[in-house]
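The following exercises ask you to read helix packing, sheet order and contacts from a set of coordinates. Please work through each task before you turn to its solution.

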2 protein chains.
Amino acid sequence: MIMAKTAEELAALQKEISISEFFEKNKHLLGFDNPTKALMMAVKEAVDNSLDACEEAGILPEISVKLKSVSEDRFIVTVHDNGPGIVKEQVPKIFGKLLYGSKFHRLRQSRGQQGIGISAVVLYSQLTTGKPTRIWAKTNTQKKATYVELVIDTLKNEPKIVKDEEVESPIKDSGVIVSIELTGRYRKVQGIDDYLKQTSIANPYARITFTASDGVKTIFPRSVNELPKQPKEMLPHPYGIEFGILLRMLASSKSRTLATFIANDFSSTGAQSAKDICVAAKLDTQKIPSSLMREEIDALLSAMQRAKIQRPPLDCLSPIGGKELEKSMKKEYPSSEFAIAVTREPSVYRGNPFQIEVGIAYGGDLKSDEQMTILRFANRVPLMYQAGACATMEAIKEIEWKRYGLQQSGNNMPVGPVILVIHMASAWVPFVSESKEAIAPYPDIIKEMKLSIQDAGRQLSRYLSGKRRTGDQQRRLQIFERYSVEMATALHVLTGKDEKDILKKLKEIIENRNRLKEASQKAGDTGEEVAPLAVGEEKGEEE
Amino acid sequence: MIMAKTAEELAALQKEISISEFFEKNKHLLGFDNPTKALMMAVKEAVDNSLDACEEAGILPEISVKLKSVSEDRFIVTVHDNGPGIVKEQVPKIFGKLLYGSKFHRLRQSRGQQGIGISAVVLYSQLTTGKPTRIWAKTNTQKKATYVELVIDTLKNEPKIVKDEEVESPIKDSGVIVSIELTGRYRKVQGIDDYLKQTSIANPYARITFTASDGVKTIFPRSVNELPKQPKEMLPHPYGIEFGILLRMLASSKSRTLATFIANDFSSTGAQSAKDICVAAKLDTQKIPSSLMREEIDALLSAMQRAKIQRPPLDCLSPIGGKELEKSMKKEYPSSEFAIAVTREPSVYRGNPFQIEVGIAYGGDLKSDEQMTILRFANRVPLMYQAGACATMEAIKEIEWKRYGLQQSGNNMPVGPVILVIHMASAWVPFVSESKEAIAPYPDIIKEMKLSIQDAGRQLSRYLSGKRRTGDQQRRLQIFERYSVEMATALHVLTGKDEKDILKKLKEIIENRNRLKEASQKAGDTGEEVAPLAVGEEKGEEE
């Protein structure tokens with residue numbers, strides 16, 4: 001062969017690949033596979049970071065998003081938040097280095113979890129426009145703001161600072177402004193508008209304003225004025241541990257003995273379970289953690305996974321909450337005639353706690369001859385793409401929707417005027433790709449989703465059958481009313497009582513019925529049975 | 001809020017995340033999401049590397065895969081190749097560092113393209129078993145073999161060498177042996193066996209043996225004894241360039257002027273196109289490449305993408321080849337009655353050349369009441385999972401299979417005794433995830449796939465209608481034979497010729513027909529029309 005290479009020649013070609021180079025070439029893995037999506041991703045990553053920061057700092061989020069059109073396919077996205085700000089030294093790394101952040105190493109529900117998001121936007125921006133990203137940041141101890149212009153040195157995966165100065169602050173108390181120029185396309189559907197509307201549903205305590213490039217301003221107001229309870233950081237649970245992780249934990253533990261290591265470095269363990277595990281693993285409780293040999297670690301791991309240990313603590317989760325979700329659905333879909341939400345008890349997957357919430361809005365402006373609209377969320381972030389790969393869709397497909405009063409042919413998506421919201425809250429969401437658009441379809445997760453949907457479905461079904469019954473009664477009442485004169489005559493003949501009196505009483509019964517019905521509708525009462533009207537019923541009789 | 005954090009407190013939590021840590025936690029992104037798949041991935045990554053190395057060194061691949069069961073869910077995978085080997089210094093990095101390799105920076109068809117594969121297997125192995133990976137490597141200039149035992153230091157993403165010595169070589173001339181212990185599950189379907197069978201189809205010049213843990217040996221022999229033409233490395237094509245890449249190329253170019261930069265650093269450009277591009281961009285041809293300002297780069301990029309430039313060279317591709325694919329399909333599906341393959345002309349997507357090949361095998365042991373079997377390949381590597389996300393499936397769905405003689409209800413997969421092979425060869429395959437299981441459904445790629453399938457489909461259709469016609473003729477011939485005596489009598493009466501003579505001639509006609517038919521079947525001749533038999537036709541008349 002002419003071009004055949006020896007091992008030595010091949011060796012000369014071996015090279016390190018920086019993570020920035022890798023994602024620059026594989027930008028579709030980060031969600032930058034088309035211009036509409038790219039623009040939405042830029043807003044999404046900035047807003048997600050703002051929401052995370054506000055919550056951690058205990059600040060009610062107030063976020064403004066501005067879109068400026070530079071040319072038909074080029075935009076400047078500016079996101080301004082009222083979060084705690086970022087200390088000067090951290091600004092370059094947070095925006096200018098992939099795989100850097102505060103969330104990857106902590107087990108705790110948050111929007112970000114990879115340390116890739118916003119720096120990926122910076123990467124895409126410089127790839128498509130060459131422009132540096134501009135950042136203003138101010139903490140409440142600073143008088144002036146930090147101003148940085150930067151790009152990413154892709155070959156090194158390090159920030160390259162173009163400008164760095166102190167400036168008069170455009171930020172009031174504290175917060176961050178990030179301004180990024182990139183190639184993109186602006187569309188309402190599956191774009192910024194949809195993303196923000198859905199974000200507002202899952203984050204009812206955030207106030208978000210969006211100024212489009214034509215100057216039109218959309219406000220997504222709060223429907224709740226209080227921050228949710230903060231999720232707490234949890235230690236890893238013994239059931240979710242793998243050999244390599246345990247090895248590393250043992251090597252770096254500050255605990256002096258194996259027993260204290262087991263009791264202190266994990267969640268849900270204590271002195272007793274530590275002792276039990278050591279006995280089961282035939283290991284001395286006083287052993288120094290870092291001294292364990294491979295076979296001993298194997299035994300320890302196996303004992304940990306067989307031991308009876310409580311489920312992990314659930315305060316690392318921060319669900320939207322049933323009432324809050326109902327409120328925000330009613331706010332965003334004001335015309336819908338019915339909205340409910342259920343929050344299931346948390347469950348555990350490989351040592352990771354997670355919790356599913358489902359909301360259903362019905363009727364109003366929603367179209368009854370189209371497929372149901374599905375809004376998917378993970379840790380309060382809307383999932384806008386890759387629905388086909390998502391656990392939520394698996395769960396939805398496995399439901400017999402006819403049971404809950406919706407039309408469905410075969411295994412197709414149900415048809416009806418319904419918005420279905422599914423939210424997964426977890427300390428670690430298993431996404432199918434770095435772009436975090438779909439939840440991996442693990443059986444435990446699908447199962448919990450199905451149970452939640454069924455729960456909400458039953459409530460919808462009760463409402464719909466109540467509605468059907470009310471319709472039937474209404475029709476019977478109308479017939480009754482139409483024949484009331486004839487009936488009064490007949491009753492007069494049968495009973496001998498005064499015909500006018502009978503007619504008056506009949507009319508009163510009808511009016512009374514109608515009033516009852518209206519009251520019940522106003523109260524949003526959907527499930528209660530109303531007894532069928534019986535002829536000759538006494539006026540004012542209560543059921 | 002009790003737990004509220006200041007910007008300073010948040011800063012203390014910011015940390016770098018190593019790529020190894022990232023993929024350790026996100027191992028499902030690399031394809032390690034279930035035990036069966038994990039075991040298959042280990043074999044796949046090792047075999048893909050072996051095939052790449054053999055081809056680059058011009059060696060006919062001879063690969064042995066051995067599986068040893070340690071316990072029910074733990075295996076040792078050993079892959080031994082006859083490639084060029086690896087020089088001592090490179091062994092640790094190739095196996096013990098993610099994002100390291102020779103293929104990422106070169107535009108040229110190869111199986112590996114990310115520098116993640118085999119090190120991901122090492123990562124998964126140590127995560128699940130803690131055992132180091134063992135590697136023997138020998139180049140043909142070495143007398144002894146290099147032996148290394150290593151793990152990955154996940155926090156640094158660097159190899160950690162456990163043992164490193166020269167040993168008596170278990171390798172004959174040159175090659176690599178890698179032995180990895182990991183948690184997994186052994187299943188035939190979508191496991192090692194399927195992967196190797198399919199690999200053998202797409203790499204007909206490779207000889208592969210597989211020894212399962214029960215000692216049973218399967219041999220996948222060669223069906224072709226020659227290596228394919230080596231794909232050449234190509235320079236980037238101007239149509240596939242983005243701002244950030246152009247900026248970097250300008251900064252690091254060895255060309256002294258803009259004109260030579262355009263002519264030499266890209267594929268399909270020359271002195272004239274360089275001049276034209278400079279004129280269109282209103283840039284001096286003599287400018288020093290690294291001196292261009294942002295606006296000038298913008299103008300250059302835009303001019304490059306508007307200029308008339310030839311398509312990129314196609315010798316960076318190495319398709320399987322129609323005949324080779326047919327041969328290997330016949331080898332792996334010997335009972336099938338019909339097999340064809342088509343290789344389309346290469347096409348270009350965003351400056352990247354790619355080429356689609358399609359093969360169809362029909363009948364034999366294949367089941368006629370089941371969905372068609374689809375084998376997907378990218379750069380000769382079988383794609384075993386995530387079919388739903390793959391461009392191939394999109395293309396298949398858009399085909400009206402009834403046209404080609406197969407049953408299909410609605411948009412479902414067609415039903416019939418068919419194996420459909422689709423291969424995409426490209427210098428850069430856009431995979432939907434790092435695990436490289438599905439090709440991103442870009443319209444240009446889907447279109448080429450559809451055209452290729454239609455091409456192969458027409459051949460299938462011709463074969464099937466030929467077969468149907470032959471069946472009809474056969475039936476008519478049988479009837480003719482059954483009544484030949486009566487017919488001879490009748491003809492004798494009508495013509496007055498000798499009855500025995502007539503019967504003899506009739507029999508000759510029938511035999512002749514049958515011989516013709518058999519010959520045509522043997523030659524695999526499918527498309528030719530056979531004229532319907534006419535009574536009284538002369539013996540021996542050729543069509």
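**Exercise 1.** Determine in which hand α7(B) passes α10(B), and which residues make the contact.

Solution. α7(B) passes α10(B) in a right-handed crossing, where a crossing is left-handed if the near helix is turned anticlockwise from the far one by less than a right angle, and right-handed if clockwise. The model is a predicted one, in which local features need pLDDT of at least 70 and side-chain atom pairs count only at pLDDT 80 or more, whereas totals for chains, interfaces and linings use all residues. Residues are numbered from 1 along each chain as its sequence is written, while chains are lettered from A and ligands numbered from 1 in the order in which they are written.

Step 1: the axes of α7(B) and α10(B) come within 10 Å and cross at roughly 110°, axes being lines fitted to C-alpha atoms, for helices over the stretch in contact, with angles that run from 0 to 180 degrees between N-to-C directions. Helices (H or I, at least four residues) and strands (E, at least two) are DSSP runs, numbered from the N terminus.

Step 2: α7(B) and α10(B) are therefore roughly perpendicular to each other, a class that covers 65 to 115 degrees, with angles under 35 counted as roughly parallel, over 145 as roughly antiparallel and the rest as oblique.

Step 3: Phe243(B), Leu246(B), Leu247(B) and Leu250(B) in α7(B) meet Ile297(B), Leu300(B) and Leu301(B) in α10(B), where two residues are in contact if their C-beta atoms, placed from the backbone, lie within 7 Å. By class, this contact has seven nonpolar, no polar and no charged residues; Ala, Val, Leu, Ile, Met, Phe, Trp, Tyr, Cys and Pro count as nonpolar, Asp, Glu, Lys and Arg as charged, and the others, Gly among them, as polar.

**Exercise 2.** Describe the crossing of α3(A) and α5(A), and classify the residues of their contact.

Solution. Step 1: the axes of α3(A) and helix α5 (residues 117–128) of chain A come within 8 Å, crossing at roughly 145°, and the crossing is left-handed.

Step 1: among the residues of α3(A) in this contact are Ala38(A), Met41(A) and Glu45(A), and the partners in α5(A) include Ile118(A), Val121(A) and Tyr124(A). The contact divides into eight nonpolar, two polar and two charged residues.

**Exercise 3.** Characterise the contact between chain A and chain B, including any strand pairing across it.

Solution. Step 1: the contact takes 58 residues from chain B and 57 residues from chain A. The elements that give two or more residues to the chain B side include α1 (7–13), α5 (117–129) and α10 (294–306) of chain B, and α1(B) gives the most, with five residues. The residues of that side divide into 27 nonpolar, 21 polar and ten charged.

Step 1: strand β1 (residues 15–16) of chain A pairs with β4(B) in the antiparallel sense over two bridges, and the bridge partner of Glu16(A) in β4(B) is Tyr100(B).

Technical notes. Pairing = 2+ DSSP bridges.
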